[in-house]
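Please consult both while reading the points below.

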Protein chains: 4
Amino acid sequence: MCRLLLYKGKQPIQLAHLLTKPAHSIINQSFDSRLRIDRRRPINGDGFGVGWYEPDADSETANTPCIFTSVTPAWNNNNLIRLAEKIKSPLVFAHVRASTAGTVTETNCHPFQYGRLMFMHNGGVAQFDRIKRRLIATLKEDIFLFVQGSTDSEWSFALFLNFLKNPDADTFDYVELKEAMLKTISQLNEWAEEAGITEPSLLNFAVTDGESVVCARYVSSDTLEAPSLYFSSGTKFESYEPGHYRMVKADRREDMVVVASEPLTFEKADWLTIPTNTILVITPKLSVLLSPIKDNNNMRRQENAN
Amino acid sequence: MCRLLLYKGKQPIQLAHLLTKPAHSIINQSFDSRLRIDRRRPINGDGFGVGWYEPDADSETANTPCIFTSVTPAWNNNNLIRLAEKIKSPLVFAHVRASTAGTVTETNCHPFQYGRLMFMHNGGVAQFDRIKRRLIATLKEDIFLFVQGSTDSEWSFALFLNFLKNPDADTFDYVELKEAMLKTISQLNEWAEEAGITEPSLLNFAVTDGESVVCARYVSSDTLEAPSLYFSSGTKFESYEPGHYRMVKADRREDMVVVASEPLTFEKADWLTIPTNTILVITPKLSVLLSPIKDNNNMRRQENAN
Amino acid sequence: MCRLLLYKGKQPIQLAHLLTKPAHSIINQSFDSRLRIDRRRPINGDGFGVGWYEPDADSETANTPCIFTSVTPAWNNNNLIRLAEKIKSPLVFAHVRASTAGTVTETNCHPFQYGRLMFMHNGGVAQFDRIKRRLIATLKEDIFLFVQGSTDSEWSFALFLNFLKNPDADTFDYVELKEAMLKTISQLNEWAEEAGITEPSLLNFAVTDGESVVCARYVSSDTLEAPSLYFSSGTKFESYEPGHYRMVKADRREDMVVVASEPLTFEKADWLTIPTNTILVITPKLSVLLSPIKDNNNMRRQENAN
Amino acid sequence: MCRLLLYKGKQPIQLAHLLTKPAHSIINQSFDSRLRIDRRRPINGDGFGVGWYEPDADSETANTPCIFTSVTPAWNNNNLIRLAEKIKSPLVFAHVRASTAGTVTETNCHPFQYGRLMFMHNGGVAQFDRIKRRLIATLKEDIFLFVQGSTDSEWSFALFLNFLKNPDADTFDYVELKEAMLKTISQLNEWAEEAGITEPSLLNFAVTDGESVVCARYVSSDTLEAPSLYFSSGTKFESYEPGHYRMVKADRREDMVVVASEPLTFEKADWLTIPTNTILVITPKLSVLLSPIKDNNNMRRQENAN
């Protein structure tokens with residue numbers, strides 16, 4: 001089971017505040033993780049990736065994300081530690097990986113990039129091998145050829161891209177991104193059903209075009225919980241003592257939103273749980289929209305809850 | 001353009017005699033290579049792999065090959081240098097890579113392994129992207145799922161496996177291996193023709209099951225030469241001064257055969273050129289059989305030569 | 001805190017039985033380790049090394065050990081997993097590292113080698129920086145120049161070598177190895193005292209020349225325990241179900257001895273604790289000799305115990 | 001033999017224009033290098049490093065350099081390629097390494113950093129082992145402990161630091177940096193003489209504090225040439241066709257200076273040779289000062305030339 005984290009803010013944040021300095025950062029989570037479902041492989045030491053957009057993109061650097069990945073564990077990657085001290089960004093995706101499928105190579109590290117888009121995944125498509133060929137057959141040629149690795153996550157991103165009108169566009173409406181993610185989940189479920197796969201898929205996906213963020217917490221089961229996912233919003237993410245951070249909320253303004261597999265701070269009140277089978281949208285203006293994912297699993301889930 | 005080397009002998013050879021000690025070994029070839037066709041990327045520094053069979057396989061270690069790969073250049077891989085001093089084997093495949101397609105990851109390093117079989121490739125399938133989907137559609141399910149990387153070489157191996165009656169068998173007839181390789185080349189040509197690809201493919205393939213070796217020097221053109229390929233046979237491969245080796249031929253016996261992209265010794269007489277569009281077989285008893293690859297390209301080639 | 005394991009047997013053992021197959025092997029220990037003292041960095045994911053001697057060394061391969069190290073975690077190193085299935089040895093040292101000092105580079109990976117000797121260390125020399133210069137000043141020139149890395153462990157090995165009559169010898173008496181290790185510990189203590197260092201050093205050292213093994217469990221404190229260390233001996237180390245091993249003891253013969261930071265099997269009766277501040281010797285004929293390390297710390301320890 | 005490149009400009013430059021885009025960039029130099037002295041190891045594939053200062057350092061990121069190093073060859077490092085597209089800096093040091101001494105580890109990659117200072121070296125201290133102990137004995141304690149690797153280059157940097165009044169200072173006068181470099185060269189020569197070393201040392205050193213740059217082209221011989229070193233200055237470094245760059249000089253202004261082992265452009269007129277045994281200073285205001293290194297070698301050199 002992996003860990004993911006994402007940040008979108010009005011102001012760029014130094015990556016170190018998200019990645020390396022918090023005592024419970026995604027990197028420290030990678031070796032002390034108490035909220036996991038899967039306890040068989042207890043460490044997220046199988047690779048790392050972080051992607052970000054430039055705060056002041058100009059014509060030369062364009063607004064494509066920059067991605068840094070590594071097959072060595074995040075916690076002793078000196079390049080990462082040094083870069084995180086220097087780089088600032090208003091939109092960051094980060095991911096630590098515990099391999100469930102696919103060998104540990106840089107091509108299998110999240111986040112994946114296509115043009116302006118970044119995508120990452122925490123979970124797994126159940127028995128992916130049994131639907132892989134169906135998925136491949138569906139893809140447009142250039143999306144098929146874009147895939148470099150061998151994981152269910154990268155192929156799921158390809159499926160997502162396939163649902164976009166123009167994956168090479170310069171800008172996307174967040175409604176289109178949200179619809180494509182819902183279609184991706186729905187399509188994976190449909191193929192699983194056709195293949196007679198009953199094992200549930202864990203589909204915590206996140207995608208961004210540099211402006212909006214769309215993020216799902218989803219399990220294809222009407223009884224199980226999806227991997228944990230939290231969010232926090234406020235005006236400032238500040239350190240009050242080394243390693244300890246809190247989200248400051250002044251004037252009800254929301255200047256930043258953080259979504260993470262596990263809370264980054266020790267202040268419980270800072271974090272809201274995203275319910276299982278929910279899709280979260282962060283709009284370009286930093287509104288947070290939550291809506292349930294309407295499918296058979298979720299309907300039965302609601303009934304079970306009643 | 002890559003470099004390959006293979007050894008089959010009655011006696012196991014210490015890997016260092018093939019890989020690290022000869023002044024003109026495959027590793028030294030990787031940074032001083034005078035016989036290349038492709039001068040655009042002059043160094044084979046994009047990964048390395050060596051595979052070998054145990055001299056005395058027992059039930060516990062079985063007779064599957066052991067494979068060591070690396071994405072760092074062979075010439076400064078300390079593990080390789082140390083292992084090569086210790087490991088002995090009667091059948092060795094080695095490969096240094098200069099990436100033409102596919103990113104540099106361990107999953108893209110040759111030789112590739114499937115059960116008892118090892119496979120490596122020096123060259124490239126022209127415009128592979130245009131026939132990739134056709135190839136994938138042809139494959140049996142488990143062979144399709146076996147592929148971990150993204151290169152034309154690994155997919156060519158999958159196509160080869162697809163032509164075998166039972167790729168999971170314990171032993172193979174060398175005739176079957178040879179036929180499967182001829183079919184692989186022929187099939188790739190057929191798809192290229194259908195797709196209107198006129199750029200020639202360079203298909204120097206080698207495969208072994210631990211007993212026989214089959215090796216092609218092939219280009220899908222009636223005028224061009226395939227990447228160079230030489231062989232040498234004799235009773236002993238010995239060093240007469242540090243870094244300098246020669247093939248000793250006593251009593252006309254053939255106790256070992258070496259095939260390589262470039263001669264390993266400085267003795268010209270030690271090496272015979274394998275003609276373009278020729279398939280070479282080393283039988284379990286160390287006979288060397290050369291036969292032309294009969295296809296349209298080769299026929300026109302013969303005519304051109306007359 | 002690191003983990004170490006060593007095996008010496010009459011028969012060579014396949015490395016996989018020690019390293020990769022046991023559910024509680026040193027590699028699995030590296031991510032689920034319940035017996036640690038130091039819980040600050042809970043994972044041994046900062047590098048790995050294994051060294052072994054050939055079962056049938058001849059003039060060509062000599063009887064120097066072969067060493068394989070890696071800066072990526074042991075548990076996803078495909079080369080290691082493949083080599084462990086093939087390599088057999090009668091004398092194996094293995095080490096997983098959680099860095100306490102020194103950056104994560106291959107030069108800092110244990111075991112360290114000098115000629116026929118291998119050395120590894122589990123623990124740390126307290127405030128090593130304060131005695132490093134003293135140590136360096138003591139060393140003979142070629143031993144000084146031999147050190148490639150920056151860790152207290154490698155410099156401790158250098159100090160050990162400095163106490164040998166001839167570190168380049170072909171064979172060593174185990175008494176000399178034991179004496180050199182006692183002098184190493186004693187010298188480190190003396191320098192610590194001179195420098196006013198009161199923090200205790202954890203000095204679980206192991207050394208071998210390919211014939212004998214000498215191993216210390218030591219802490220320079222009269223009250224604390226050294227990092228755990230166990231040993232087991234018997235006639236066969238066998239698997240009774242996948243991942244589960246036991247030590248079989250037939251006829252009171254001792255055909256193999258295993259020393260490890262933590263038991264490799266789930267059978268408590270298989271393992272004896274090596275007491276703190278004890279030196280263990282495995283003789284070439286597989287006798288196990290335990291003797292207390294006589295110094296001020298240990299004397300006070302004994303008194304405290306009474 | 002390594003390759004180095006440095007840039008200082010009024011405006012930040014995108015790293016890609018220096019590192020990855022020019023057809024004859026330091027990375028392309030690393031596999032096609034025609035101006036080398038040492039032809040034994042013809043490729044600079046043994047590691048890579050680039051260091052840079054932020055264009056708008058604030059209190060949070062401070063004005064220490066950020067350093068990215070890699071033990072894999074620069075030309076296939078995807079992280080480097082992606083970062084170079086995004087990062088802009090007014091002061092860049094870059095280095096590709098062909099190991100002559102020291103194993104290939106990240107700790108041995110240039111540039112080395114100490115506080116605000118960066119240092120890199122192209123060449124080698126002749127028979128460094130014979131003066132290493134002398135050098136170490138000279139160093140202040142914290143400078144001695146700062147060294148992490150094993151190369152003559154890093155120890156030379158330590159010697160340089162030892163000649164500074166306060167290596168931890170926030171700013172340095174370029175005269176002090178220049179004097180410290182001259183003393184470093186002179187001291188290495190003195191020790192070589194005492195040790196009876198007659199083989200010449202190649203000491204192309206470069207150092208910066210983020211404001212000034214000091215760079216030597218030096219060989220301790222009165223007849224040999226030091227490794228090549230060129231500089232170019234102008235108002236704009238621009239690409240006129242893909243891979244082809246030129247230095248534009250408008251109005252005699254000097255808005256940028258580039259120093260490199262080999263010219264980055266194909267325009268001969270863009271580049272001036274820095275004479276052997278010369279020290280070059282780039283002042284904070286971008287003046288370029290060249291002065292001969294006055295020592296016995298250089299005096300004899302001048303006489304020889306007359």
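Across the interface of chain B and chain C of this predicted model, the rule finds zero salt bridges.

**The interface of chain B and chain C**

- The size of an interface is often given as the accessible area lost when the parts come together.
- For chain B and chain C, this buried area is about 1,800 Å².
- Carbon and sulfur atoms give 44% of the area buried between chain B and chain C.

**Helices H6 and H7 in chain A**

- Two packed helices are described by the angle between their axes and the distance between the axes.
- In chain A, helix H6 covers residues 152–162 and helix H7 covers residues 174–194; they pack at an angle of about 120°, and their axes are 8 Å apart.
- Angles of 65 to 115 degrees count as roughly perpendicular and those over 145 as roughly antiparallel; H6(A) and H7(A) are therefore oblique to each other.
- H6(A) and H7(A) form a right-handed crossing.
- From H6(A), the residues Ser156(A), Leu159(A) and Phe160(A) take part in the contact. From H7(A), the partners are Leu177(A), Ala180(A), Met181(A), Thr184(A), Gln187(A), Leu188(A) and Trp191(A).
- Sorted by class, the residues in the contact of H6(A) with H7(A) are seven nonpolar, three polar and no charged.

**Helices H6 and H7 in chain B**

- In chain B, the axes of helix H6 (residues 152–162) and helix H7 (residues 174–194) come within 8 Å and cross at roughly 120°.
- That angle makes H6(B) oblique to H7(B).
- The crossing of H6(B) and H7(B) is right-handed.
- H6(B) contributes Ser156(B), Leu159(B) and Phe160(B) to the contact, while the residues that they meet in H7(B) include Leu177(B), Met181(B) and Trp191(B).
- The contact of H6(B) with H7(B) comprises seven nonpolar, three polar and no charged residues.

**Helices H6 and H7 in chain C**

- In chain C, helix H6 (residues 152–162) and helix H7 (residues 174–194) have axes that come within 8 Å and cross at roughly 120°.
- H6(C) and H7(C) cross in a right-handed manner.
- Ser156(C), Leu159(C) and Phe160(C) in H6(C) meet several residues in H7(C), among them Ala180(C), Thr184(C), Gln187(C) and Leu188(C).
- Of the residues in the contact of H6(C) with H7(C), seven are nonpolar, three are polar and none is charged.

**Backbone details**

- Most residues other than glycine have a negative phi, and most peptide bonds are trans.
- In chain A, the peptide bond from His110(A) to Pro111(A) is cis, with omega near -10°. Pro111(A) lies in the loop between strand E4 (88–96) and strand E5 (112–114) of chain A.
- In chain C, His110(C) and Pro111(C) are joined by a cis peptide bond, for which omega is about -10°. Pro111(C) is located in the loop between strand E4 (88–96) and strand E5 (112–114) of chain C.
- Asn277(A) is not a glycine, although its phi is positive, at about 60°. Asn277(A) belongs to the loop between strand E13 (272–273) and strand E14 (278–282) of chain A.

Terms used:
Residues numbered from 1 in each chain as written. Chains lettered and ligands numbered in written order. Predicted model: local features only at pLDDT ≥ 70, side-chain atom pairs only at ≥ 80, totals over all residues. Heavy atoms only, no water. Axes fitted to C-alpha atoms, helices over the stretch in contact; angles between N-to-C directions. Helix = DSSP H or I, 4+ residues; strand = E, 2+ residues; numbered from the N terminus. Parallel < 35°, antiparallel > 145°, perpendicular 65-115°, else oblique. Left-handed = near helix turned anticlockwise from the far one by under 90°. Contact = heavy atoms within 4.5 Å. Nonpolar A, V, L, I, M, F, W, Y, C, P; charged D, E, K, R; others polar. Buried area = accessible area lost by both parts, 1.4 Å probe. Salt bridge = Lys/Arg side-chain N within 4 Å of Asp/Glu carboxyl O.
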